[in-house]
Amino acid sequence: MEIINATQEHYSIIKDIAYKTWPDTFGQILSKDQIDYMLSMMYSIEAMKNQITELNHKYFLIAEKGIFFGYLSYQINYKPQITKIHKIYVLPDTQGKGIGKKLIQEVEKRAIKEKNKLLILNVNRFNKAVSFYKNMGFSISGSENIDIGKGFLMEDYIMEKEV
């Protein structure tokens, strides 16, 4: 497996993984309308360009022999000495094979290199990934409801891990 820093050439790959992953991840906890709205809001080419150029997000992908399995987006110094994981998704048929773990380990390395001391992320309170994050050493530090427009709400845990 290799980690690849995403460039504009990878936006369509990231979008493809998101569109293949989200229905499986959120199909039991969000309406189809909310999933469609969020995918459109977060994964248009313009939205991804904005995340990278204006919001200082970075993306990397994990692949083997040219086949992409997942991605992670993050922001170093989201707050002083804090790296925020904004997105992490692995294709459903490859989950449970250590790919998500490799993505988390990679962002930890990058955070440590930049002298950040804490990783944080938001995760839907009903997402089965909560247990994955706990297994990776994260703990729940709070919760928040985020109005994302059109009457939709993200009901998240805030999780953190010292690095």
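The legends below describe close-up views of a predicted model. Residues are numbered from 1 along each chain as its sequence is written, and side-chain values use heavy atoms, with hydrogens and water left out. Because the model is predicted, local features need pLDDT of at least 70 and side-chain atom pairs count only at pLDDT 80 or more, while totals for chains, interfaces and linings use all residues.

View 1. The strands follow the order 1-2-3-4-5-7-6, with mixed pairing. Strand 1 (2–5) and strand 6 (139–149) are the edge strands, each pairing on one side only. From one strand to the next, the twist averages 30°. Two strands pair if DSSP finds at least two bridges between them. Helices (H or I, at least four residues) and strands (E, at least two) are DSSP runs, numbered from the N terminus.

**View 2. Strand 4 and its two neighbours.** Strand 3 (67–79) and strand 4 (82–90) run antiparallel, joined by seven bridges. Tyr74 stands opposite Ile85 in strand 4. The hairpin of strand 3 and strand 4 has two residues between the strands, and Gln81 takes a positive phi near 65° there. Strand 4 and strand 5 run parallel and are joined by four bridges; Ile82 has Leu118 of strand 5 as its bridge partner. Is strand 4 enclosed or open? Eight of its nine residues are buried, so strand 4 is largely enclosed by the rest of the structure. Buried means under 20% relative accessible area, exposed over 50% and partly exposed in between (1.4 Å probe, protein chains only).

**View 3. Strand 6 beside strand 7.** Strand 7 covers residues 152–162 and runs antiparallel to strand 6, with nine bridges between them. Ile146 has Met154 in strand 7 as its bridge partner.

**View 4. Helices across the sheet.** Helix 1 (residues 11–26) lies across strand 2 (58–64), strand 3, strand 4 and strand 5 (118–124), at about 90° to strand 3. Helix 4 (residues 99–113) lies across strand 1, strand 2, strand 3, strand 4, strand 5 and strand 7, and runs at about 160° to strand 4. Axes are lines fitted to C-alpha atoms, for helices over the stretch in contact, and angles run from 0 to 180 degrees between N-to-C directions.

**View 5. Helix 1 against helix 3.** Helix 1 packs with helix 3 (residues 45–53) at about 110°, their axes 10 Å apart. That makes the two helices roughly perpendicular (angles under 35 degrees count as roughly parallel, over 145 as roughly antiparallel, 65 to 115 as roughly perpendicular and the rest as oblique). Tyr11, Ile14 and Lys15 of helix 1 make the contact with Ile45, Met48, Lys49 and Ile52 of helix 3 (contact means heavy atoms within 4.5 Å).

**View 6. Helix 1 against helix 2.** Helix 2 (residues 32–43) packs with helix 1 at about 155°, and the axes are 11 Å apart. The two helices are therefore roughly antiparallel to each other. In helix 1, the residues Ile14, Lys15, Ala18, Tyr19, Trp22 and Phe26 meet Ile35, Met38, Leu39, Ser40, Met42 and Tyr43 in helix 2.

**View 7. Gln34 in helix 2.** Gln34 is found in helix 2. With 8% relative accessibility, Gln34 counts as buried. Gln34 is in contact with Ile148, Phe152 and Leu153, leaving aside its neighbours within four places in sequence.
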